[in-house]
Amino acid sequence: AEFRRVLRPQGFAVLTCPDIQEVAREIAEGRLAEPIENSPAGPISPLDMMFGWCSALAAGNHFMAHRCGFTRTWLAQLLGNAGFAKTLIRKPQGRFNLWALATVSNHSDAELRALADRYLFRPANQPQARF
């Protein structure tokens, strides 16, 4: 809601967060602390995705703690409830990462896809993502 509150009528927000549903699947399979992704900072486990990067938290960086989690459906619902007119949620970076584009005004589907092509994550060595 705070993103929506400060945006101009032509504004939009781009958000990225772990898909807690996929993380929960890994935890249910018994892989709580096993590395499931590699980042430039090092291996990432479901525990890191669920609660915040354990190494940073252990070093006293408590601002890195996750205080909530999102699934695709829950994130879309919250963005709609916050007053965003259109929302596009995709996983262009793999199954654990949700990327959302939420617009203040009611863009056409083509305009929304153009914004997504421009602003949602895509690896530098890959062509533009098609949503």
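Q: Is S45 buried or exposed?
A: The model is predicted: local features need pLDDT of at least 70, side-chain atom pairs count only at pLDDT 80 or more, and totals for chains, interfaces and linings use all residues. A residue is buried under 20% relative accessible area, exposed over 50% and partly exposed in between (1.4 Å probe, protein chains only). S45 has a relative accessibility of 6%, so S45 counts as buried.

Q: Which residues is S45 in contact with, leaving aside its neighbours within four places in sequence?
A: S45 sits in the loop between β3 (42-44) and α3; helices (H or I, at least four residues) and strands (E, at least two) are DSSP runs, numbered from the N terminus. Contact means heavy atoms within 4.5 Å. With neighbours within four places left aside, the contacts of S45 are L32, A33, E34, P35 and I36.

Q: Which residues does R31 touch, leaving aside its neighbours within four places in sequence?
A: R31 is in the loop between α2 and β2, and its relative accessibility of 27% makes it partly exposed. From R31 to L47, 16 residues away in sequence, the C-alpha to C-alpha distance is 8.8 Å. Apart from neighbours within four places, R31 is in contact with E26 and P46.

Q: How many salt bridges are there?
A: Side chains of opposite charge can pair when their charged atoms come close. The rule for a salt bridge is a side-chain nitrogen of Lys or Arg within 4 Å of a carboxyl oxygen of Asp or Glu. By this rule the number of salt bridges is 8.

Q: How many residues apart in sequence are the parts that K91 and D19 tie together?
A: K91 forms a salt bridge with D19, with 2.5 Å between the closest N and O atoms. K91 lies in the loop between β4 (86-90) and β5, and D19 in the loop between β1 and α2 (20-28), so the sequence separation of the parts tied together is 72 residues.

Q: Which helix holds both R25 and E22?
A: R25 and E22 meet through their side chains in a salt bridge of 2.8 Å, N to O. R25 is partly exposed at 43% relative accessible area, whereas E22 is buried at 13%. The two residues are 3 apart, about one turn of the helix, and that helix is α2.

Q: What is the angle between the planes of F12 and Y119?
A: Rings of Phe, Tyr and Trp (its six-membered ring) pair if their centres lie within 6.5 Å, and planes under 30 degrees apart count as stacked, over 60 as edge-to-face and the rest as tilted. The structure holds 1 aromatic pair. F12 and Y119 form a tilted pair, 5.0 Å centre to centre, with an angle between the planes of 50°.

Q: How far apart in sequence are the parts that F12 and Y119 tie together?
A: F12 is partly exposed at 25% relative accessibility, and Y119 is partly exposed at 35%. F12 lies in strand β1 and Y119 in helix α6 (residues 109-119), so the separation of the parts tied together is 107 residues.

Q: Which strands do the buried residues of α6 pack against?
A: The buried residues of α6 are L112, L115, A116 and D117. These buried residues pack against β1, β4 and β5.

Q: How many charged residues are in the lining of the largest pocket?
A: Ala, Val, Leu, Ile, Met, Phe, Trp, Tyr, Cys and Pro count as nonpolar, Asp, Glu, Lys and Arg as charged, and the others, Gly among them, as polar. The lining of the largest pocket has 11 nonpolar and 7 polar residues, and the number of charged ones is 2.

Definitions and conventions:
Residues are numbered from 1 along each chain as its sequence is written. Side-chain values use heavy atoms; hydrogens and water are left out.
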